[in-house]
Amino acid sequence: MKDSKILIVFVGIAVSLWLLIALAVFFLPKIGYGNFLELVFKAHPTIILLAAFPLISTYMKTTEEPMPYKRALRISGKSLVLLLPLYVLSESINANALVATLGISDLMQEGERNYVVFTYQGLALTAFGALAGLGFVFPAQVKVRQKQASTKTV
């Protein structure tokens, strides 16, 4: 499997997870679970660790070649070029979803909703999630699944 395809699949899964979090931010207060918003905001940067697991299944279906750690770290470094700006965009979408929910509930006055929100901690956690997910979890799980597959055939 080409590096570019691995990168595209990983970033696509990460963005879809971030969009699910934006939906949770929008709908949790509406259904009465506003207390969980803090947990959702804390999980936002590191949830991309979970993006490695569907990627493992996709990788194992398409190829049998091993994934060296050096190659995985190189791909995860490239993914940061895409993921860090997308993190800022996603965090801003979360802020807009929260403000929209508060505006609908009449808890906040109408106003300009052009928020660009990010924290340096969030950027660092996003980088950590990408490097750990794609650089460590992904190749380690590929090795485990390849060993399992080889023991099943013996």
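Along the sequence the protein follows the pattern α-α-α-α-α. There are five helices and zero strands, where helices (H or I, at least four residues) and strands (E, at least two) are DSSP runs numbered from the N terminus. This is a predicted model, in which local features need pLDDT of at least 70 and side-chain atom pairs count only at pLDDT 80 or more, while totals for chains, interfaces and linings use all residues. Residues are numbered from 1 along each chain as its sequence is written, and side-chain values use heavy atoms, with hydrogens and water left out.

## Overall

Taken along the principal axes, the C-alpha atoms of the protein fill a box of roughly 65 × 30 × 20 Å. Of the 154 residues, 40% count as buried; buried means under 20% relative accessible area, exposed means over 50%, and partly exposed lies in between (1.4 Å probe, protein chains only). Among contacts between residues at least 6 apart in sequence, 84% join residues at least 24 apart, contact meaning heavy atoms within 4.5 Å.

Two packed helices are described by the angle between their axes and the distance between the axes. Here axes are lines fitted to C-alpha atoms, for helices over the stretch in contact, and angles run from 0 to 180 degrees between N-to-C directions.

The axes of helix α1 (residues 3-27) and helix α5 (residues 120-153) cross at roughly 130 degrees and come within 12 Å. The two helices are therefore oblique to each other: angles under 35 degrees count as roughly parallel, over 145 as roughly antiparallel, 65 to 115 as roughly perpendicular, and the rest as oblique. The crossing of α1 and α5 is right-handed. A crossing has this label if the near helix is turned clockwise from the far one by less than a right angle, and is left-handed if anticlockwise. On the α1 side the contact is made by Ile6, Phe10 and Trp18, and on the α5 side by Thr126, Ala130, Leu134 and Phe138. By class, the residues of this contact are six nonpolar, one polar and no charged. For this division Ala, Val, Leu, Ile, Met, Phe, Trp, Tyr, Cys and Pro count as nonpolar, Asp, Glu, Lys and Arg as charged, and the others, Gly among them, as polar.

Helix α1 also packs with helix α3 (residues 52-62), where the axes come within 9 Å and cross at roughly 145 degrees. The crossing of α1 and α3 is right-handed. Ile6, Val9, Phe10 and Ile13 of α1 meet Ala52, Pro54, Leu55 and Tyr59 of α3 in this contact. The contact of α1 with α3 has eight nonpolar, no polar and no charged residues.

## Aromatic pairs

A pair of aromatic rings is described by the distance of the centres and the angle of the planes. Rings of Phe, Tyr and Trp (its six-membered ring) pair if their centres lie within 6.5 Å; planes under 30 degrees apart count as stacked, over 60 as edge-to-face and the rest as tilted. By this rule the count comes to five aromatic pairs.

One of them is the stacked pair of Tyr69 and Phe136, with 6.1 Å centre to centre and 25 degrees between the planes. This pair links distant parts of the chain, with Tyr69 in helix α4 (residues 69-104) and Phe136 in helix α5, 67 residues apart. Tyr69 is partly exposed, at 31% relative accessibility.

The rings of Phe118 and Tyr120 have their centres 5.6 Å apart and their planes at 90 degrees, so the pair is edge-to-face. Phe118 is partly exposed, with a relative accessible area of 36%, whereas Tyr120 counts as exposed at 67%.

Glu91, Ala95 and Thr101 lie in helix α4. Their accessibility values are tabulated below.

| Residue | Relative accessible area | Class |
|---|---|---|
| Glu91 | 11% | buried |
| Ala95 | 16% | buried |
| Thr101 | 2% | buried |

Glu91 is in contact with Phe41, His44, Val117 and Phe118. Ala95 touches Tyr115 and Val117, and the C-alpha atoms of Ala95 and Phe26, 69 residues apart along the chain, are separated by 9.4 Å. Thr101 touches Val25, Phe26, Pro29 and Lys30.

Key: Lists of a residue's contacts leave out its neighbours within four places in sequence.
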